[in-house]
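Please open the model in your viewer and keep the selection tool at hand. We will go from stop to stop, and at each one you will hear what to select and what is there.

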Amino acid sequence: MKERIALDLSKLPPHGMGSASLTFWGTSAFMLIEGTGFALAIAVYFYLMSLAPQWPIKAPPPDLLAGTILTLLLLLSVVPNMLVSRWAKQRDLRKVRAGLVVMAILGLLALIPRAFEFPALHISWDDNAYGSIVWTLLGLHTTHIVTDIVDTVVLACLMFSKHGDNARRYGDVEDNALYWNFVVLTWLPLYGCIYWVPRL
Amino acid sequence: MTWFGKTPSPADLAAGDEKAEALLRRTWSTPAGVLAALSTVDHKIIGRRYIATAFVFLMLGGVLALAMRLQLAFPEARFISADRYNQIFTVHGSNMMFLFAVPVMEAMAVYLVPLMVGTRNIAFPRLNAFSYWIFLAGGLLLWTSLALDTAPDVGWFAYVPLAGPQYGPGKRADIWAQMITFTEVSALAVAVEIVVTVFKLRAPGMSLDRIPIFVWSMLVTAFLVIMAMPAIMLASSSLILDRLVGTQFFNPSEGGDALLWQHLFWFFGHPEVYIIFLPAVGMVSAMISTFTQRPTFGYLPLVLAMIATGVLAFGLWVHHMFVAGLPRVGSSFFTASSMAIAIPAGTQIFCWLATLWDGRPIFKTPMLFIIGFLITFVIGGLTGVMVASVPFDTQVHDTYFVVAHFHYVLIGGSVFPLIGAIYYWFPKMTGRMMSERLGRWAFGLIFTGFHLTFFPMHMLGLQGMPRRVYTYPPELPWAGLNLFVSLSAVILAAGFLVFFIDVLRSVRHGPPAGPNPWNASTLEWAMPSPPPPYNFRHIPVVESLEPLWTSGEALPVATGLRLDRRELVVSSVTAGEPEARESSPADSIWPFLAAIATSIMLIASIFSPWAVVWGAIPVAITLTGWFWPKQTPEDES
């Protein structure tokens with residue numbers, strides 16, 4: 001088929017930032033998948049609760065301390081996370097590098113109270129359905145945190161390499177920050193389910 | 001090179017600039033050789049592989065169906081043992097749903113969507129390659145288990161407690177559950193790719209109201225996959241945990257619930273029907289438009305009907321559970337929502353009928369399959385309204401009536417349009433036409449064989465013949481109809497055989513097709529057949545819904561992409577305005593290696609939970625190779 005020139009694309013930037021980036025949409029789609037998974041897991045929690053004569057089943061409510069410390073830590077981490085995102089938008093390499101190191105440390109710190117959360121449940125995964133679902137909720141979210149830490153560490157290494165200072169990597173930093181916010185956001189309903197619903 | 005950084009002159013274009021095309025070809029080609037074949041990220045090569053593999057699974061599943069019909073042809077037959085029969089019907093159903101129906105529809109999208117939206121590759125092409133290898137590994141797992149006589153025997157729905165640790169010893173149910181993981185990972189990956197391709201890689205000017213209906217159908221389907229498949233992943237993971245590490249999700253004596261399985265399964269399982277059906281809606285719309293040589297009547301109602309179908313699909317799952325003893329209010333709600341889906345389905349049917357009425361239909365083979373689809377799907381839809389009614393469903397539940405109904409819906413609603421679509425797009429994929437004569441034979445045999453096979457099953461069901469039984473006593477009045485059904489199944493199989501022969505023959509010996517043999521209107525027909533590795537010499541600029549019918553002598557195009565690098569145009573979600581140029585990844589062996597590492601981890605985890613821990617190490621290594629940074633255009637800029 002014959003062609004006629006209608007448009008010149010040569011002046012377009014070689015990478016889109018924010019919603020012009022493919023990675024942003026890919027990350028969003030994966031957040032939708034995981035968000036649906038978490039929503040369904042919470043639905044399973046309430047479904048099992050609706051069937052049980054008492055809730056928790058044969059166990060006291062989980063101790064609040066470790067889970068609450070983790071929640072506060074996660075909420076606190078949102079501040080540097082937003083700053084990293086802002087610095088990435090401004091393409092400030094020095095601050096982005098520092099911010100990613102801080103975020104990696106905060107992520108690793110979050111695993112410490114998480115390790116204490118499992119024994120604080122006072123039940124094993126194989127004791128009954130209540131134990132199974134709370135271990136699953138915690139396990140899913142721990143996987144969530146761990147994958148994001150790995151992502152942050154890899155990204156931090158990249159930003160310290162010669163590949164760091166370009167639009168694509170700054171976009172990756174923004175997307176990583178977006179994903180961490182999602183990790184924090186999904187924890188809040190899980191925290192309510194695991195620690196406060198049994199106390200209602 | 002002459003075109004870097006500047007717009008080519010009209011003289012450049014007129015001259016064809018063979019040098020530029022040669023460079024484009026070198027940039028986007030997959031080299032020859034086994035390693036290159038394992039490394040390719042070309043959506044067309046992966047799409048063709050996906051389609052071919054899915055059809056191999058269709059053929060294998062059909063052989064199992066014939067084996068079942070042989071066993072059921074006579075009362076108290078002893079061709080197949082009860083245990084083997086359980087494995088066969090389980091693998092048949094699981095294979096057809098998870099290894100054929102969903103993958104083949106997504107595979108069609110992998111091949112067609114980038115061409116139809118006017119781009120040079122799919123979004124996240126390495127993920128696309130990974131998804132294919134994972135899908136293949138899941139299929140091999142299931143079929144190897146059948147060959148080793150350890151296949152799942154719990155039905156394609158794997159209801160607990162039958163599939164649970166107490167009643168399902170051994171590893172059969174674990175294999176089923178892990179096969180689900182393979183296919184769902186693959187399906188979800190493709191869904192993400194399709195969403196991002198449609199949202200961001202559309203040609204300049206392709207606003208939302210200029211997206212081809214098939215692309216809309218795949219977009220809605222992809223969202224259905226994204227929203228529905230986490231349910232089955234959660235279900236199958238919980239089942240594995242119950243069986244492997246002793247969780248109690250489905251154990252009523254420890255606070256679990258068997259019905260929880262059904263809720264999770266059907267929350268996925270019902271949208272699954274529309275995951276299979278909606279792509280067919282897109283295919284039918286594309287073909288009807290071409291074979292009537294007019295735009296499809298009611299573009300907006302059709303798109304809205306597909307979106308409405310997608311939303312309603314999530315409100316129907318309980319109609320699979322009417323006999324499970326749920327509260328009556330719930331059953332009434334789900335009866336109403338099940339019947340409500342007839343509204344968008346009816347809208348689609350009437351739009352197609354209006355297109356046919358207003359156009360001059362050309363009855364080539366694809367159109368014959370569309371006629372077959374309209375007749376068969378309407379019958380399946382009517383029996384769907386019947387089983388959506390609680391009193392009727394209570395009577396026919398788990399009888400052959402239901403078997404007849406869902407085969408009418410699935411084969412009528414999806415396989416007929418799919419076979420038509422293969423005849424329609426085969427010339428684009430291979431550069432050759434399929435045989436019109438063999439096509440008519442294939443249609444005649446498949447259509448006749450299908451109705452003679454499945455219509456009598458309604459009667460068997462009304463006579464009380466249950467599903468999933470490997471034999472029946474001669475005193476019951478089912479023998480005559482069963483023999484008739486089994487003989488008819490041979491006619492159906494013969495039809496598929498003719499189709500497969502036609503495909504294999506035409507790949508090499510079909511007459512050359514040319515770029516647009518049907519005079520169709522959408523962008524995939526704007527290029528040679530089969531498409532060159534770079535798809536479009538210049539990215540098209542879209543000015544209407546039917547660009548090839550309205551652009552006159554010359555297609556408007558955009559220039560300015562680099563020729564020595566794989567570059568795509570990123571455009572805005574709504575208006576399709578160009579926003580950026582984006583690098584598309586080069587071929588890589590790492591997705592293949594990552595799929596092998598992931599497969600080993602998943603299969604080993606059937607036997608030990610520690611496999612997840614140790615298996616994560618090779619997976620991490622291969623992912624590191626996959627994502628290892630290379631010099632990018634942004635580095636230079």
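Start by selecting chain A and chain B together and looking for charged pairs across them: 4 salt bridges link the two chains, a salt bridge being a side-chain nitrogen of Lys or Arg within 4 Å of a carboxyl oxygen of Asp or Glu. For an example, pick A:Glu3 and B:Arg537, whose side chains form a salt bridge with an N to O distance of 3.0 Å. Before going further, note that this is a predicted model, in which local features need pLDDT of at least 70 and side-chain atom pairs count only at pLDDT 80 or more, while totals for chains, interfaces and linings use all residues. Residues are numbered from 1 along each chain as its sequence is written, chains are lettered from A and ligands numbered from 1 in the order in which they are written, and side-chain values use heavy atoms, with hydrogens and water left out.

Now widen the selection to the whole interface. Here 51 residues of chain A are in contact with 69 residues of chain B, contact meaning heavy atoms within 4.5 Å. The area buried between the two chains is about 5200 Å², and carbon and sulfur atoms give 66% of it; this is the accessible area (1.4 Å probe) that the two parts lose on being put together, summed over both. Colour A:Met1, A:Glu3 and A:Leu22: they supply 14% of the area that chain A buries against chain B, more than any other three residues.

Polar contacts come next. There are 21 residue pairs in polar contact across the interface, both residues at pLDDT 80 or more; the rule asks for a pair of N or O atoms within 3.5 Å, within protein one able to donate a hydrogen and the other to accept it, with residues adjacent in sequence counting only if both atoms are side-chain atoms. On the side of chain A that touches chain B, the elements giving two or more residues are β1 (2-8), α1 (22-51), α4 (129-159) and α5 (167-196). Helices (H or I, at least four residues) and strands (E, at least two) are DSSP runs, numbered from the N terminus. Select α1(A) to see the largest share, 16 residues.

Which strand of chain B pairs with β1(A)? Select residues 554-559 of chain B: this is β2(B), and it pairs with β1(A) in the parallel sense over 6 bridges, where pairing requires that DSSP finds at least two bridges between two strands. Along this pair, A:Leu7 stands opposite B:Ala558. β1(B) and β2(B) run antiparallel, joined by 2 bridges, and B:Pro540 is opposite B:Val557.

- Select A:Trp55 and A:Pro56: the peptide bond between them is cis, with omega near 0°, and A:Pro56 is in the loop between α1 and α2 (65-90) of chain A.
- Go to B:Ser529 and B:Pro530, joined by a cis peptide bond with omega about -10°; B:Pro530 is in the loop between α17 (479-509) and β1 of chain B.
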